[in-house]
Amino acid sequence: KKNFNEIFSQLDRSKSRFQVFSDFITCSAIAYQNHAAPGRASYSEKLESEYMALVGKYPKADVLQFPVLLNIIVELLEAYGSPHDVIGDMYMSFDFGSKYNAQHFTPIEISNLMAEIADSSVTEMIQKNGFITVSDPACGAGSTLLAKVNKVIDKGFNPAKTLYIEGVDIDRLCALMCFIQMTLWNVPARIFVGDTLQNTKREVWITTAYMRGNWASRLNHYRVTD
C-alpha cells in the first residue's frame with residue numbers, strides 16, 4: 001500500500017487525486033474488457049476511444065505508471081491470500097467515498113458475516129445444479145460478492161466453474177472497481193452500470209472467466225430446464 005500511495009501521489013499533480021484514481025480504474029477496466037478475453041469478443045471501439053482520450057491527458061511517464069499500480073493491486077490480492085476488497089479499501093482510505101458521493105462501502109468483516117449466514121445451502125446447490133448464482137443490486141467495489149467468492153473457495157469449490165455473479169451499481173466507478181476485482185479473482189461475472197430501482201442498465205462489463213467458461217450457454221440451459 002505504501003508503494004501504491006507513493007506512486008499515486010506523484011501522478012499529474014494538476015489533477016485531483018479522485019480524478020487520477022478514477023482515470024486509473026477506468027483505463028484498467030477497459031484494458032481487461034477489450035484485451036484480456038479470448039478472441040477479444042468483448043472488444044469495444046467506443047471503450048478503446050475512451051481509453052485513448054483518458055491516457056492522452058497524462059504525460060507518457062505517468063501513463064506508464066498505471067500498469068505498475070495495477071500490478072501492486074494484484075500483489076496485494078495475492079498477499080491477502082483470499083478474496084478481499086483491496087480496491088474498495090483504497091478508495092475509502094483516500095476518503096473519496098464520503099468526500100464525493102457520501103458512499104461507505106461494507107467493511108469486509110460485515111461482508112464475511114453476511115456470507116457466513118447465507119452459506120448453509122452452497123454445497124447442496126452446487127451439487128444439485130453444478131453452480132450457484134449470486135447477485136448484488138448495489139455492489140459497490142464488490143465487498144459482499146468477494147466474501148461469497150471466499151465462501152465458495154472455503155467449501156472446496158472452484159469459483160470459475162461453480163459460481164456466477166451479477167452486480168449492479170449506479171456509480172460507474174464503483175462498478176468498474178468491482179469488475180476489476182472479479183476479473184482478477186477469475187470469477188464468472190457480469191457487472192452492470194445501472195439503477196436497480198429503475199431497472200435500467202447502461203453498460204455491462206463481462207469478466208474473462210465468464211466468456212472462457214461459456215457461462216452464457218450454461219445459464220441459458222439452467223433457465224430452460226429449471
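1. Start with one pair in this predicted model. Phe-192 stands opposite Val-204 in S4. Six bridges join S4 to strand S3, residues 189–195. S3 and S4 run antiparallel.

2. Now the whole sheet. Four strands form an open sheet in the order S1-S2-S3-S4. The pairing is mixed. S1 and S4 (200–206) stand at the edges, each with a single partner strand, so one side of each is left without a neighbour in the sheet. From one strand to the next, the twist averages 20°.

3. Strands S1 and S2 (residues 163–169) run parallel and are joined by five bridges. Asp-136 has Gly-167 in S2 as its bridge partner.

4. Which side chains of S1 are buried? Those of Ile-132, Val-134 and Asp-136, which point to one face.

5. H10, residues 143–154, lies across S1 and S2. Its direction is at about 160° to S1.

6. Next, the nonpolar cores. The largest has 55 residues. Ile-25, Ile-165, Met-177, Met-182 and Ile-191 touch the most other members. Leaving aside residues up to four places away in sequence, Met-182 touches Gly-142, Leu-145, Leu-146, Ile-165, Val-187, Ala-189, Ile-191 and Thr-207. Another core, of six residues, lies apart from the largest one. Among its members are Tyr-164, Tyr-210, Trp-215 and Leu-219.

Definitions and conventions. Residues are numbered from 1 along each chain as its sequence is written. This is a predicted model: local features need pLDDT of at least 70, side-chain atom pairs count only at pLDDT 80 or more; totals for chains, interfaces and linings use all residues. Side-chain values use heavy atoms; hydrogens and water are left out. Buried means under 20% relative accessible area, exposed over 50%, partly exposed in between (1.4 Å probe, protein chains only). Helices (H or I, at least four residues) and strands (E, at least two) are DSSP runs, numbered from the N terminus. Two strands pair if DSSP finds at least two bridges between them. A nonpolar core is a set of buried Ala, Val, Leu, Ile, Met, Phe, Trp, Tyr and Cys residues joined through side-chain atoms within 4.5 Å. Contact means heavy atoms within 4.5 Å. Axes are lines fitted to C-alpha atoms, for helices over the stretch in contact, and angles run from 0 to 180 degrees between N-to-C directions.
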